[in-house]
Amino acid sequence: MHGWKDEAGRRGRHPHDHHDPEDHHCAGRGGWGRGGRHRWGRGGFERGFGGRMFGPGDLRLVIMALIEEKPRHGYDLIKAVEQAFGGAYAPSPGAVYPTLALLEDEGLLVSSADESGKRIYSLTDAGKNWLTENRVAVDGVMERMRMAGRAMSGQATPDTVRETLRTLQQAVQMKPGDWSLEEEARVVEILMNAAREISRQS
């Protein structure tokens, strides 16, 4: 079981420490974003009407990716996620701080007090190596977060695009031949490039 530090560096025990620290339900903007209720489920963002956005462990990926950009306080991380979702959602401190404490316990992050006495987190060398090893997963979850933010802003996906997406999914699932490491890397690169192009503002 892991405790957690608040902005002043005080360690405490979250009431749900016997669960995954990312397993917290919290809605932004009074519990409702555009298009439905939103909450954090096991390790990620979920839409209350059943469409899961993030999977288990994704909150740690998001936190690591944001701290890779620059050292951050816990509050900075919450605001960065909220900004990515267009203001429609922000994770709770009860999800973020235990995850930060866990990552620090694992040696992936290190924290220190800034001039105001708040804890600021940065990557260790082990954390940088971990990000390199998990780059595909990190890039994927960050792209999903950005796309979810666009969806919450009320931009409906045209039916033709949805149908094309189903065709693409079927093409991947029914692709002939063996999945060698080289072929896996080739397909991942194609899909990630497509995701970046689609999420890029025109």
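# Core, helices, surface patch and salt bridges

Leaving aside residues up to four places away in sequence, Leu 109 touches Met 64, Ile 67, Leu 100, Leu 103, Glu 104, Tyr 121, Ser 122, Leu 123 and Thr 124, where contact means heavy atoms within 4.5 Å. This is a predicted model, in which local features need pLDDT of at least 70 and side-chain atom pairs count only at pLDDT 80 or more, while totals for chains, interfaces and linings use all residues. Residues are numbered from 1 along each chain as its sequence is written, and side-chain values use heavy atoms, with hydrogens and water left out.

**Nonpolar core**

- The largest nonpolar core has 33 residues, and those with the most contacts inside it are Ile 63, Met 64, Ile 67, Leu 100, Leu 109 and Met 142; such a core is a set of buried Ala, Val, Leu, Ile, Met, Phe, Trp, Tyr and Cys residues joined through side-chain atoms within 4.5 Å.
- Two or more residues of this core come from each of helix 1 (58–69), helix 2 (74–84), helix 3 (93–105), strand 7 (119–123), helix 4 (125–133) and helix 5 (135–152), these elements being DSSP runs numbered from the N terminus (helices H or I, at least four residues; strands E, at least two).
- Helix 1 gives the largest share of this core, 8 residues.

- Helix 1 is largely enclosed by the rest of the structure, because 10 of its 12 residues are buried; buried means under 20% relative accessible area, exposed over 50%, and partly exposed in between (1.4 Å probe, protein chains only).
- Among the buried residues of helix 1 are Asp 58 and Arg 60, as well as Ile 63, Met 64 and Ile 67.
- From its first C-alpha to its last, helix 1 reaches 17 Å, close to the 16 Å expected at 1.5 Å a residue, the expected span being 1.5 Å times one less than the number of residues.
- Helix 3 is also largely enclosed by the rest of the structure, since 11 of its 13 residues are buried, including Tyr 97, Pro 98, Leu 100, Leu 103 and Glu 104.
- The end C-alpha atoms of helix 3 are 18 Å apart, which agrees with the 18 Å that its 13 residues should span, and just after this helix Gly 107 takes a positive phi of about 85°.

**Nonpolar surface patch**

- Leu 165, Leu 168, Ile 190 and Leu 191 form a nonpolar patch on the surface, with about 340 Å² of accessible area together.
- Helix 6 (159–173) and helix 7 (181–199) each supply at least two residues of this patch; Leu 168, which lies in helix 6, is partly exposed with a relative accessible area of 39%.

**Salt bridges**

- The structure holds 10 salt bridges, each being a side-chain nitrogen of Lys or Arg within 4 Å of a carboxyl oxygen of Asp or Glu.
- One of them joins the side chains of Glu 68 and Arg 135 (2.8 Å, N to O), and this pair links distant parts of the chain, with Glu 68 in helix 1 and Arg 135 in helix 5, 67 residues apart.
- Arg 72 forms a salt bridge with Glu 69, the closest N and O atoms being 2.7 Å apart; here Arg 72 is buried at 8% relative accessible area, whereas Glu 69 is exposed at 54%.
- Lys 175 forms a salt bridge with Glu 183, their closest N and O atoms lying 3.2 Å apart, and salt bridges that share partners join Lys 175, Glu 183 and Arg 186 into one network.

Technical notes: Patches are made of residues with over 30% relative accessible area and no salt bridge: like charges are joined within 9 Å, nonpolar side chains (Val, Leu, Ile, Met, Phe, Trp, Tyr) within 5 Å. Accessible areas come from the Shrake-Rupley method with a 1.4 Å probe; for residues, only the protein chains shown count as cover.
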